[in-house]
Amino acid sequence: MDEEYDVIVLGTGLTECILSGLFSVEKMKVLHMDRNDYYGAASTSMTPLSNLYKKFGKDMGKNQDKMGSLRDWNVDLIPKFLMAQGKLVKLLVHTNVTRYLEFKSVEGSYVFVGGKLHKIPANVNEVLSSALMTFFEKRRFKNMLEAAVAFDKNDPKTHKTVKPGMTMAQVYKEFNLGRNIQEVTGHSIALFTTDDYVNRDCSETFTKVQLYQRSINQYGVSPYLYPLYGLGELPQGFARLSAIYGGTYMLNKPIDNIKVEGGMVHVTSEGETVKGKMVVGDPSYFSDRVKRVGKVVRAICILEHSIQNTNNSLSCQIILPQSQINRKHDIYVGCVSFAHNVAAKGKYLAICSTTVETDNPESELTPALNLLEPIIEKFVSIDDVYEPLSDGRDDKVFISKSYDASTHFETTCDDILDIYERVMGRPFEFTEKEINQCGDE
């Protein structure tokens, strides 16, 4: 190994691989190491299916005959969807990593309200036919969405019913929108994970509504995309990008010690020490520099059918808002299938996740699991969620956050762009190139 690098990256999760690629494009000398012998770290894809059973200590037994070809399975341990016009797709286009990947639209997005699943309206006609709201609410909801999409806090012409500085609570009151519509807007369209947003400036929510609307306009059915063969292709795509620009990758390299000395970060692996001007990595490499802020429970479920009341969708997202199920946190369900080349013919993968609130995490997923029955097989994991103790500016040790319970990448991308700005001393600048390189032709 060369002795000195501009940046040493530890872990090949998506966050670290994207940053490694971006740093390499900036002509930085990058060394990227992972203790595992595979890419993806905590967010890896498992194939063949027998590897998933092995990881969870399960025996396939009689189920093996139901699973088809085991090599047809690519099971993401932490599956998340991409917003068609979101930050991750912009990063993919900016770096041209799209050339390594192929995406397919997710067929629908649903919300659990009043004990039932409802499709989140993707256009005006769906608003008018939705059972989520009364006849009179439909028009008021439509008017609020139109105001949100048109709103620009710097353009007085767009300040009609809604004025800058109004909170979302005031906006809901202005349009006389009930609790169900607030749930849909805040949790399923704007994708907030708690209700704190209602007391903040409405422009924050409106920006998220505009992203959702632009993403739906891309393909017309839902705002979400998912890569064929699963998310495992994403970190490898950015790893290829880093290698093209001179980055060095080393798998199966256990990290023995990380020490800051003389203005440099010293990383020791198998008796060899390299120096970097800075180090970037996931929390698992820095136990003394992170704090636990919670836990996430996930259940990977194998099905032989589409989820009921989703119009026979081959893929979908479901959000169960916290207040609908008497919780403090939403429950998320992401469903993909053989249509995305992640399961054998006729099989589906549905992953439920939420932030843990009790001493019996698996039982917290019951409202979501009930929507999936019958389930052939279920794999449950409970993972600690970590955040760094410091921002890394002083000691040049920059640590990412653990992946949250949500089924989309927007919060992960916020972390990526935040680390990039702290490392580079300037915000990342997205290209103006039109995002039209993904999805179904």
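Start with strands β8 and β9 (residues 116-119): four bridges join them, and they run antiparallel. Keep in mind throughout that this model is predicted.

**Stop 1: the β8–β9 hairpin**

Select the turn. Two residues lie between β8 and β9 in this hairpin, and G114 in the turn has a positive phi of about 65°. Now pick Y110. Its bridge partner in β9 is K119.

Stay on K119 and show side chains. K119 forms a salt bridge with E126, with 3.1 Å between the closest N and O atoms. K119 is partly exposed at 26% relative accessible area. E126 is also partly exposed, at 24%.

**Stop 2**

Select β17 (residues 316-320). β8 pairs with this strand in the parallel sense, over three bridges. Y110 stands opposite I318 here.

Is β8 itself covered or open? Colour residues 109-113 by accessibility. Five of its five residues are buried. In a regular strand, side chains alternate between the two faces of the sheet. On β8, S109, V111 and V113 sit on one side, and Y110 and F112 on the other; both faces are covered.

**Stop 3: helix α3**

Move to residues 87-95, helix α3. Which of its residues are buried? They are L88, V89, L91, L92, V93 and T95. Show what surrounds them.

Step just past the helix to N96. This residue takes a positive phi of about 65°. Then go back to K87. K87 is linked with E410 and D414 in a network of salt bridges.

**Stop 4: salt bridges across the sequence**

The model holds 24 salt bridges. Two more deserve a selection.

Pick K275 and E3. Their side chains meet at 3.8 Å, N to O. K275 lies in strand β14 (residues 272-276) and E3 in the segment before β1 (4-5), so this pair ties together parts 272 residues apart in sequence. E3 is exposed at 53% relative accessibility, whereas K275 is partly exposed at 23%.

Last, pick E304 and K347. The closest N and O atoms of this salt bridge are 4.0 Å apart. E304 lies in the loop between β16 (290-303) and β17, and K347 in the loop between β18 (331-337) and β19 (348-355), so the pair ties together parts 43 residues apart in sequence. K347 is buried, at 10% relative accessibility. E304 is partly exposed, at 44%.

Terms used:
Residues numbered from 1 in each chain as written. Predicted model: local features only at pLDDT ≥ 70, side-chain atom pairs only at ≥ 80, totals over all residues. Heavy atoms only, no water. Buried < 20%, exposed > 50% of the residue type's maximum accessible area, 1.4 Å probe, protein only. Pairing = 2+ DSSP bridges.
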